[in-house]
Amino acid sequence: QVQLVESGGGLVQAGGSLRLSCAASGSTFAINTMGWYRQAPGKQRELVTSITRVGLTAYADSVKGRFTISRDNAKNTVYLQMNSLKSEDTAVYYCNADRVGYTYWGKGTLVTVSS
């Protein structure tokens, strides 16, 4: 089992920045890809960005150039630096981790961007 705990959400004005963290615990060995998803009110959950264990990254077009994912394997933690935030970035952000064919999810952290 893997437990994921997100932190760093909050209220920020448009154009501002936030940094989310996701700490993994439990059976963290063999975790491969970790990522961030988000779900806005009334919308489906969508992939924001992901990073493999060796650092290969992918981003949704809507966040390219504004968001940066990074990972500290020694701390079993993944980060999401969000800059130039827009009102449409308002959502609950979920961390996930893939390990040996299973996908684990955190409970989410709310990001609210005021315009």
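In which sense do β7 and strand β8 (residues 77–82) pair, and over how many bridges? The pairing of β7 with β8 is antiparallel and runs over 6 bridges; strands here are DSSP runs of E, at least two residues long, numbered from the N terminus, and two of them count as paired if DSSP finds at least two bridges between them. One of the contacts links S70 to Y79, its bridge partner in β8. The model is a predicted one, with local features needing pLDDT of at least 70 and side-chain atom pairs counting only at pLDDT 80 or more, while totals for chains, interfaces and linings use all residues. Residues are numbered from 1 along each chain as its sequence is written, and side-chain values use heavy atoms, leaving out hydrogens and water.

Stepping back to the sheet, 4 strands make up an open, antiparallel arrangement in the order β1-β3-β8-β7. At the edges stand β1 (2–7) and β7 (67–72), each with a single partner strand, so one side of each has no neighbour in the sheet. From one strand to the next, the twist averages 15 degrees (axes are lines fitted to C-alpha atoms, and angles run from 0 to 180 degrees between N-to-C directions).

Then there is the disulfide (a pair of cysteine sulfur atoms within 2.5 Å), and the structure holds 1. C22 and C95 form it, with their sulfur atoms 2.1 Å apart. Because C22 sits in strand β3 (residues 18–26) and C95 in strand β9 (residues 91–99), the pair ties together parts 73 residues apart in sequence. The link of C22 and C95 is left-handed, with -80 degrees about the S-S bond. Both C22 and C95 are buried, meaning under 20% relative accessible area (1.4 Å probe, protein chains only).

Technical notes: Buried means under 20% relative accessible area, exposed over 50%, partly exposed in between (1.4 Å probe, protein chains only).
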